[in-house]
Amino acid sequence: MRSFVFYIFIIVTCLFYFTSYATQETWGELGPPSVGAPVNMGTEEHPYYGRKTPDNARELAESMKSKIGGDLEAGVTDKIRIGFLVRSRLSDREKEALAAAQSDLDAILREPDRYSMEDAYKIGDRLNERLGGNSTYRRGSGSFDYPIQTYEEAVKAQEQNLARYEEKAASGQLLPGAARYFCDYLALPAGIFPVFLSAFLLLRDRSSGMSELIDSRRVSAWAYVGSKWIALGSMLSAIYLLLAVLGAWKTVDVLGLSGQTGKAVLLFLGYTAWWLLPTLWVSVSFGLFGSMLLRRGILPVAIQIVWWYVSLLPLMGSYGLYRLLIRFNSPDDYDLFREWADEIAVNRGFYAVLSVLLTAAAAWLWERNRSRASSRSGFGRARFGRRSGAAARTAP
């Protein structure tokens, strides 16, 4: 608590909460959709009433086929490279993959009643894989939404959105969706700021001259390093758990879900513990381990920044073990979340275990460094003693 960086962490985390989650935009996404008269945001010649998510296999296949046709005509497609969306020229093999996907979609369009949206999504999954992954054909990317161009379509879209919201409310998915949205935003500082605290925690003892005093005490490496890991991890976790309680109360209040505060608090705390805290704890342990391995605090910080950066995208999907933090970026799409839940659980379990292993490794390295320092100190004293004895014997 004497660290200035600790209070910067609190300030930044609270800023993420108040500027990313607790905003009017968030309440608009979580609350019921608008049912007012649709507004034309385009021109009279080219009306535009927003965008619509496909509701059935035919609409999804039409949207996907239109996107594929545009990419084939332009000869390029969008891909995510090192966190950025870039235009990539299509190779002959990729053009063949797009054309094959178009043919598969034609089969759905000829008999749409025989196919489900999952069948269309699987075509996009295969295409994304053949494009090398991380393309805009990835499921959940939102690239299959299509523009609403008539007033009648806009009214129908409003009715469908309201029906989906009522269905979501009836199935109890409002608060879990809000909790996932909360965790998505608050995961960003959890994946980067803790390492600034932990990377210098053990090295500070050496720079302050406390190492000799610590080395002279009978304290185990795990007790010493582990207690610092638990103390720092607990202090940082408390910030997130308090914000989770605040977020749950505010969400219930804004959405008018009277009588559901207790349920919301439990959901927000549960998602925070499962979704956020493994990221935070492994960030703490990586700082401890990296500082002992590399003997410099700034090096694990630099590595963590790169690790955090490559974990930011995609915003939905791809939860491999390289992902330091989990992004879902939607309070809806429960079916997609349920499909990825096992992969997310494996990722979170892996990082929970990794945080313990990294801390144990940091303790082992700390003990090795202490033993080496003691050996050098003992050797120095022995050599000094031998020289003193020789000098006494030769003295007249």
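## Basis of the description

A residue is called buried under 20% relative accessible area, exposed over 50% and partly exposed in between, with a 1.4 Å probe and protein chains only. By this definition I303, with a relative accessible area of 42%, is partly exposed.

The structure is a predicted model: local features need pLDDT of at least 70, side-chain atom pairs count only at pLDDT 80 or more, and totals for chains, interfaces and linings use all residues. Residues are numbered from 1 along each chain as its sequence is written, and side-chain values use heavy atoms, leaving out hydrogens and water.

## Nonpolar core

The largest nonpolar core contains 74 residues, and Y21 and F182 have the most contacts inside it. Such a core is a set of buried Ala, Val, Leu, Ile, Met, Phe, Trp, Tyr and Cys residues joined through side-chain atoms within 4.5 Å. At least two residues each come from α1 (4–21), α2 (24–30), α7 (174–190), α8 (193–198), α11 (221–255), α12, α13 and α14 (334–394). The helix that gives the most to this core is α12, with 15 residues. Helices are DSSP runs (H or I, at least four residues), numbered from the N terminus.

## Salt bridges

The whole structure has 12 salt bridges, each defined as a side-chain nitrogen of Lys or Arg within 4 Å of a carboxyl oxygen of Asp or Glu. One of them joins D55 and K52 at 2.6 Å, N to O. D55 is partly exposed, with a relative accessible area of 27%, whereas K52 is buried at 8%. A network of salt bridges links K52, D55, E59 and R164.

D332 and K168 form a salt bridge at 2.2 Å, N to O. This pair connects distant parts of the chain, 164 residues apart: D332 is in the loop between α13 and α14, and K168 is in helix α6 (residues 151–170). D332 is partly exposed at 30% relative accessibility, while K168 is buried at 15%. A further salt bridge, between R338 and D335, has an N to O distance of 3.0 Å. R338 and D335 are three residues apart in helix α14, so about one helical turn separates them. Both residues are exposed.

## Surface patches

F200, L293, L294, I298, L299 and I303 make up a nonpolar patch on the surface, with about 500 Å² of accessible area together. Accessible areas come from the Shrake-Rupley method with a 1.4 Å probe; for residues, only the protein chains shown count as cover. Patch residues have over 30% relative accessible area and no salt bridge; like charges are joined within 9 Å and nonpolar side chains (Val, Leu, Ile, Met, Phe, Trp, Tyr) within 5 Å. Helices α12 and α13 each supply at least two residues of the nonpolar patch. The most come from α13, with three residues, and I303 lies in this helix.

A surface patch of positive charge is formed by R295, R296, R368 and R372. Lys and Arg count as positive and Asp and Glu as negative, with His and the chain ends not counted. The place of a charge is taken as NZ of Lys, CZ of Arg, CG of Asp or CD of Glu.

## Positive phi in two loops

Most residues other than glycine have a negative phi. R295 is not a glycine, but has a positive phi of about 60°. R295 is found in the loop between α12 (261–294) and α13 (298–310) and is partly exposed, with a relative accessible area of 33%.

D333, also not a glycine, has a positive phi of about 55°. D333 lies in the loop between α13 and α14 and is partly exposed, with a relative accessible area of 36%.
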